[in-house]
Amino acid sequence: MDAIIENLPRFIDGFLMTLRLLVVSGLGALVIGTLVAALRISPIPALRGFATVYTEVLRNTPLTLVLFFCAFVLPYLGVRLDFVTFALIGLTLYTSPFVAEAIRSGVNGVPVGQAEAARALGFGFAQTVGIVVLPQAIRMVIPPLINVLIALTKNTSVAAGFSVLELVAVSRQVIQLNGNATVAILIAVAVFYLLITVPLGQLALRLEKRVAVHR
């Protein structure tokens, strides 16, 4: 317990870094994922093909490999950024196809008549998707999207292997200095993660009940 109290500022810094990775990459993944989901239902075959390849490649590539590409291959290609930014890019890219698939499942749940009514009113494809289809689809898949964010919270720990001082990286440093308190330190790290994932899980349950009532 003494080791945790003495190193509490380190744990707080690691916790804040984990939150930063979650919030920034989560928002980026939501934006890119929504765009990719829209491309998946595009009437243009080339756009559908690009979105499909993007989704399948990233969704089936290990996160460690994605972060390795960002941290070591991109600098080799001339991209000069710090490791935190590379981690944000990697987490965003890795999470976005899962967001896209969640939203696409919501799109499939929107009645076909909604899109047909929009076209009857003279809406183009972009207007139909942006004004009519996507708002309904996103509303239906908010709980699954939150589950994606919960998974992203845990995935941020992989960034510890790429010189990013988030919770897991901080715990390694503290364990090296206080090897006899390993169990207590790991429990403390788990508690910090629960401070993020439990509220997100509760939010998902509440939104799921709310959507069910509206349906």
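Four salt bridges turn up when the whole structure is searched. The model is a predicted one. Side chains of opposite charge can pair when their charged atoms come close. Here, R40, E56, R59, E101 and R104 are joined in a network of such bridges.

Start with R40. Its partner is E101, and the closest N and O atoms of the two are 2.9 Å apart. This pair ties together distant parts of the chain. R40 sits in helix α2, which covers residues 8-40, while E101 belongs to helix α5, residues 83-109. The two are 61 residues apart.

How accessible are these two partners? R40 has a relative accessible area of 14%, so it is buried, the cut-off being under 20%. E101, at 17%, is buried as well.

Move on to helix α3, residues 45-59. Here E56 forms a salt bridge with R59, with 2.9 Å between the closest N and O atoms. Both residues lie in this helix, three residues apart, or about one turn.

Is this second pair buried or partly exposed? E56 has a relative accessible area of 32% and is partly exposed. R59, at 29%, also counts as partly exposed.

R59 has a further partner. It forms a salt bridge with E101, the closest N and O atoms lying 3.5 Å apart. This pair, too, links distant parts of the chain: R59 is in helix α3, E101 in helix α5, and 42 residues separate them.

The pieces now connect. E101 pairs with R40 and with R59, and R59 pairs with E56. R104 is also part of the network.

Methods:
Residues numbered from 1 in each chain as written. Predicted model: local features only at pLDDT ≥ 70, side-chain atom pairs only at ≥ 80, totals over all residues. Heavy atoms only, no water. Salt bridge = Lys/Arg side-chain N within 4 Å of Asp/Glu carboxyl O. Helix = DSSP H or I, 4+ residues; strand = E, 2+ residues; numbered from the N terminus. Buried < 20%, exposed > 50% of the residue type's maximum accessible area, 1.4 Å probe, protein only.
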